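Hi,

Here is the structure I promised to pass on. Please open it first, then read my notes below.

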Amino acid sequence: MISFVRRNQVLLSAFLSVLLSLYIIAPATRGQMRADPIGPLLIALMRPFQSGIQMTVGGIKDVYFNYAALRGLGVENEKLKARIQQLETERNRLLEDEATNKRLRELMEFRAELPPGAVTASVTANSASTWFHSLLIDKGKSAGVEKGMAVVSHLGVVGQVVSVTSRNAKVLLVTDSHSGVDAIVQRSRARGIVAGSLENGPIMKYVKRSDDLQEGDRLVTSGLDGVFPKGLLVGTISKVNKKSIGLFQHVEVTLAVDPLRLEEVLVVKGGPAKAKE
C-alpha cells in the first residue's frame, strides 16, 4: 500500500486537489457557502495576498500615470519656453522698429528745415581713434553726396564729408582736431571756430578776450563757412578761461551730438538758413 502511494503520489495529489476544489465549488453553486468551513478559511488566507497584489497594481498604475503626466508637462514646458523665446524676439524686433521709426520721423521733420536736396544716410562704421575721428555712411556720389558737404542730425552738427565713392562717403567728425565749424554764441553773437582737440575735447577757438561768453551759452553755426547752413546747433559752452595774457579766451565745448550714438544722418549743402536759431 505504501509503495503504491509512493509510486502514484503525483496522481493522488492531483486527484485530491480536484476533490477539494469540487468540495469548495459545489456548495457555492448551491448557495451553501455559509455552511462551508474551509471556503472562508481559504478566503481569509488569500486576502493579504490579494490586498498586496491590488496595492502593487495600484502603485504601478500611479507611477505610470504620474510618469505620463510629468512627460506631458515636460513637453508642454518646452513648448512654453519656445513660445516665450519667440515672443521675446518679437518684442525686441518691435522695440527696435519703434526706435528706428522715432529716429527717422525726427530726422524727416528736421529735414524740412534744411535747404532742399538733403540726403538721408545710415552710419555703417564709426572710428573714434585718438588721432582721427570719422564715420562711414552708406550714401555716395550715386545718391548726390559730394566732398565738402555738411553732415548733420536733428540734434545738431556732425561733421563734413572728406572723401566719397559711388556708394559711400567718409565723414570727418567735429570732434577731430583737424575739423572746424564757424560758430557764434547764440546769446551774445560772439564768433569763433569749434573744433576737436587732442587734450581737452572740443573747444571754441579764436574768441576775443573782450567777447561776452558764459558757461551754458548755446553755440550755433554762423553759415559763413559755406559748409553748414546757418543756425544749426553745435553745442554748449562748458568752461570759459580768460588767461592773463593772450588775445583769445580758452573755451571748452560740449557738443550737441554724440557721434558714437549716431545711426542715421542727413547730408546737406550749405545754403540759405531755414533752421531756427
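Start at Leu-219. Leaving aside residues up to four places away in sequence, Leu-219 touches Ile-184, Val-185, Val-194, Met-204, Leu-232, Leu-233, Val-234, Gly-235, Ile-237 and Val-253. Bear in mind that this is a predicted model.

Leu-219 belongs to the largest nonpolar core, which has 27 residues. It is among those with the most contacts inside that core, along with Leu-114, Val-152, Val-194, Met-204 and Val-234. Several elements give two or more residues to this core: the helix α3 (39-111) and the strands β3 (150-153), β6 (181-185), β8 (203-208), β10 (233-241), β11 (248-255) and β12 (264-268).

Now the strands. Six of them close into a barrel, in the order β6-β7-β8-β11-β10-β9, with antiparallel pairing. From one strand to the next, the twist averages 40 degrees. Look at β7 (residues 191-195): 3 bridges join it to β8, and the two run antiparallel. Across that pair, Ile-193 stands opposite Lys-205 in β8.

Finally, the chain as a whole. It has 3 helices and 12 strands. Of its 277 residues, 29% are buried. Among contacts with a separation of 6 or more, 56% are between residues 24 or more positions apart. The accessible surface comes to about 18000 Å², and carbon and sulfur atoms account for 59% of that.

Best wishes

How values were computed. Residues numbered from 1 in each chain as written. Predicted model: local features only at pLDDT ≥ 70, side-chain atom pairs only at ≥ 80, totals over all residues. Heavy atoms only, no water. Helix = DSSP H or I, 4+ residues; strand = E, 2+ residues; numbered from the N terminus. Buried < 20%, exposed > 50% of the residue type's maximum accessible area, 1.4 Å probe, protein only. Contact = heavy atoms within 4.5 Å. Areas by Shrake-Rupley, 256 points an atom, 1.4 Å probe, with all protein chains shown as cover. Core = buried A, V, L, I, M, F, W, Y, C linked by side-chain atoms within 4.5 Å. Pairing = 2+ DSSP bridges. Axes fitted to C-alpha atoms, helices over the stretch in contact; angles between N-to-C directions.
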